[in-house]
Each structure stands twice: as structure tokens, then as C-alpha cells.
Amino acid sequence: MRASQQDFENALNQVKLLKKDPGNEVKLRLYALYKQATDGPCNMPKPGMLDFVNKAKWDAWNALGSLPKETARQNYVDLVSSLSSSSEAPSQGKRGADEKARESKDILVTSEDGITKITFNRPTKKNAITSQMYRDIILALKNASTDNTVMAVFTGTGDYYCSGNDLTNFTSATGGIEEAASNGAVLLRDFVNSFIDFPKPLVAVVNGPAVGISVTLLGLFDGVFASDRATFHTPFSQLGQSPEACSSYTFPKMMGSAKAAEMLLFGKKLTAREAWAQGLVTEVFPESTFETEVWTRLKTYAKLPPNVMRISKELIRKHEKQKLYTVNAEKCAAALERMPREEYAKALRNFLFRKAKAKL
Ligand SMILES: CCCCC/C=C/CC(=O)SCCNC(=O)CCNC(=O)[C@H](O)C(C)(C)COP(=O)(O)OP(=O)(O)OC[C@H]1O[C@@H](n2cnc3c(N)ncnc32)[C@H](O)[C@@H]1OP(=O)(O)O
């Protein structure tokens, strides 16, 4: 099958997210194929002998001769695909020593009654997710996907479910904002992919307010049980960001484009009942009985035949998995471009200095 323009654009996004530098040789090949696919045969004057970089690029492009644009596009997509899978191979292979479950105070992982419970446990910061917590969750989901538990359940300690991405995650980056954005985009892609790929039922027990990525992720869950104290807020425009975790795809599908825009573009905060009415939440429980009722229900669900639930989930998800990967990769590439922008920096400054301002 020939690579479409969309495949080509996806590959262009994927290249930006490669974990490993593919080396000069491959980068020259990518450059040459890109130029051939977009401009056709080399049409530039040959650079001088001492202009080493441009000469190497020219040589690589010129070497493709009259290769048709479509073939160059296909070769580019194939090359990127092979680079992506080889850069991901270690994390998909068997667990290395450095990947063994680590003790983490901010993400608690317990297994009981057939349920892996993953708890955001940073209540003094409203359970905001640090870079390490993203990594801990990836690992927890990976372990839970192959252990003998039947389902995984997320919840939060304290009054919040989760206040989203820790806004200070990248403020102390030593390598500059561009490098931080690039590392963040890769981490975000792997984090969201681990939810797309999780093979067992995945449930959220939303004990209180949820913000940002903790809300958008819910579109990838199989069940969302909320206390009537919970709220759902995605203030992306206010933060100079765009919606992640495939919510630009899952939310309109779930609630229709008008209601999705109200949340994702205009940042409307929903009550638990409003979120239920939009299809984001499975069921709302009164705060007074929330924990007892929900956990009793989940323990019953965890007694259902695990293999049947796995197969059913696979059937539900399999036709859109590719789409979800694509949307995720696109979003991560967009995040890479947005993060260094002024709107994002301004929103960060406003948050970091809000208490100081309030005292003035
Ligand atoms: C790998 C990269 C992935 C990137 C993925 C991108 C995701 C996008 C998002 O998730 S966007 C959403 C980001 N979250 C927010 O914008 C929420 C910011 N927080 C708040 O608005 C408020 O703190 C609140 C409404 C959640 C709670 O307000 P309240 O007044 O009740 O409490 P405080 O503000 O005093 O908060 C208590 C302490 O917690 C710290 N904190 C809360 N949320 C965050 C956060 N998201 N990041 C960092 N820190 C947070 C807050 O600073 C207080 O700490 P302090 O006591 O030390 O001042």
C-alpha cells in the first residue's frame, strides 16, 4: 500500500519524537527523501567544496536522481517507522533491571481483590503529576498489564483526584526550554500510549476535583465513577496549551463537538453530574457513600472472567488504536512547538507568582 500524504505528515511528526539521535547518515537520508518527496529531483546549485554540511545534503539529495515523489514519500515513511520501532524496542521488550517496580511515595501501587490500585499520592500539591510520577505510572501500568490482577483503578489521596500536570515540571530544566519541551513530548507520548495499550479494564475513582491531563485521560478509560464533589476542568486555552491524551478525538466522539469545545476550547469546568450527562462519567455517587459503594461494585466486577473482559476490550479498542496513536503523536509534536511560546510562559508565571501577587 502506498503511503498517503497523511502518513507522510505523521512520519514528519514522529521524527521529532525519536528518543535516540539516529546519526548523521540516517539524518542525511531522511533529508534527501524529504526533499525528493516534496520538491522532486535535486534542483539546487552544487555548494562549494568547503561548505561541508550543505554539500553532504546536496550529495544525498542528488543521489536519489529521478526517484518519483511517491516512492520517496513511501521510503521516508518506512524509514521513520523502522527508526521508531527500534527506538521503542527496549521499553517493549522484557523488563530490564532498572525498570523493576520502584518504591514511589507519590504514586502508590497496591494489588488486592484482583485489582491494581494506582493512587496519586501527593495531596499537599493536589496530586499534581511530576515527571517522575509519569514514569512511575507507565511502569505501574506495564506491570499491571501482565500480572494476575483483573483490572487497574486510579484514584487520589486527599481532597483532589489530581490537579493535572505539575506546572513546575519544566521550570528547573537545565538544558533550556527547547530540550525540556522535546523530553516532555516524548514522555507524554509514552505516558498516553501506555493508557491506549492497557489490555485490561481501566477505571477511575474520581474522589474530588480533576484538572488537565487527569480529565483528558478519562476518554481512554473503561469506567469513571465520580463523587458528587468531583469537578472536571481542562483550562488549556488559559494555559496556552492544546488538549492532550487524545481528547481532541475522544471528547467530541463522546459528547459531540459543541460540548467538547466548551470544555477543551473555552475551559468550562463541569460538575460531576454535568460530566455524567456528557458521557464522560459512568456514574455519580453521593460523597458520604462514595468509597464504600464504588469499591464494593469494583470488587464484584473484578470477579468477572478476566479473559472475556480482555477479549471484549480488545474488540472495542482495536479498530481505533492506530487512530489513537496518530492523534497522540500529533498532539505531542504540537506540544513541542507550543511549550516554548510566550502564552505558555505567561500562564506559568501567573500560576507561580499568584500567591505573591495576592499579598500585594
Ligand atoms: C510530560 C509532560 C506532560 C504535559 C501534559 C500536560 C498536561 C496539561 C495539564 O494538565 S494542564 C492543567 C495543569 N493544572 C493546573 O492548571 C492547575 C493549577 N493549580 C490550580 O489552579 C490550583 O492549585 C488548584 C485549583 C488546583 C487548587 O487551588 P487551591 O487554592 O485549593 O490550592 P493551592 O493553589 O494553594 O494548591 C496547593 C498547593 O498545590 C500546588 N499545586 C496545585 N496544583 C498544582 C499544579 N498543577 N502544579 C504544581 N503545583 C500545584 C500549589 O502550588 C500549592 O503549593 P504551595 O502550597 O507550595 O504553594
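A salt bridge, as I use the term today, is a side-chain nitrogen of Lys or Arg within 4 Å of a carboxyl oxygen of Asp or Glu. By that criterion Lys-259, Glu-262 and Lys-268 are linked in a network of salt bridges, and the structure as a whole holds 15 salt bridges.

Before going further, please keep in mind that this is a predicted model, in which local features need pLDDT of at least 70 and side-chain atom pairs count only at pLDDT 80 or more, while totals for chains, interfaces and linings use all residues. Residues are numbered from 1 along each chain as its sequence is written, and side-chain values use heavy atoms, with hydrogens and water left out.

Let me start with a pair of helices. Helices here are DSSP runs of H or I with at least four residues, strands are runs of E with at least two, and both are numbered from the N terminus. How do α2 and α3 cross? The axes of helix α2, residues 24-39, and helix α3, residues 52-62, come within 8 Å and cross at roughly 60°, where axes are lines fitted to C-alpha atoms over the stretch in contact, and angles run from 0 to 180 degrees between N-to-C directions. The two helices are therefore oblique to each other, a word kept for what remains once angles under 35 degrees are called roughly parallel, over 145 roughly antiparallel, and 65 to 115 roughly perpendicular.

As for the residues involved, α2 contributes Leu-28, Tyr-31, Ala-32, Lys-35, Gln-36 and Asp-39, and α3 contributes Ala-56, Lys-57, Ala-60 and Trp-61, contact meaning heavy atoms within 4.5 Å. On the α3 side, the buried residues are Lys-55, Trp-58, Ala-60 and Trp-61, and these pack against α2; buried means under 20% relative accessible area, exposed over 50%, and partly exposed in between, with a 1.4 Å probe and protein chains only.

Being 4 residues apart in helix α2, Lys-35 and Asp-39 are separated by about one helical turn. Lys-35 counts as buried because its relative accessibility is 18%, whereas Asp-39, at 38%, counts as partly exposed.

The loop between α2 and α3 holds Cys-42. Which residues does Cys-42 touch, leaving aside its neighbours within four places in sequence? The contacts of Cys-42 are with Gln-36, Trp-58, Trp-61 and Asn-62, and from Cys-42 to Trp-58 the C-alpha distance is 7.5 Å across 16 residues of sequence.

Lys-321 forms one with Asp-197, the closest N and O atoms being 3.9 Å apart. Lys-321 lies in helix α14, residues 321-338, and Asp-197 in the loop between α6 (177-196) and β4 (202-206), so the pair ties together parts that are 124 residues apart in sequence. Asp-197 itself is partly exposed, with a relative accessible area of 33%.

Glu-320 counts as buried, at 17% relative accessibility.

Finally, Lys-323 has its place in helix α14 and counts as partly exposed at 43% relative accessibility. Lys-323 and Cys-246 are 77 residues apart in sequence, and their C-alpha atoms are 9.3 Å apart in space.
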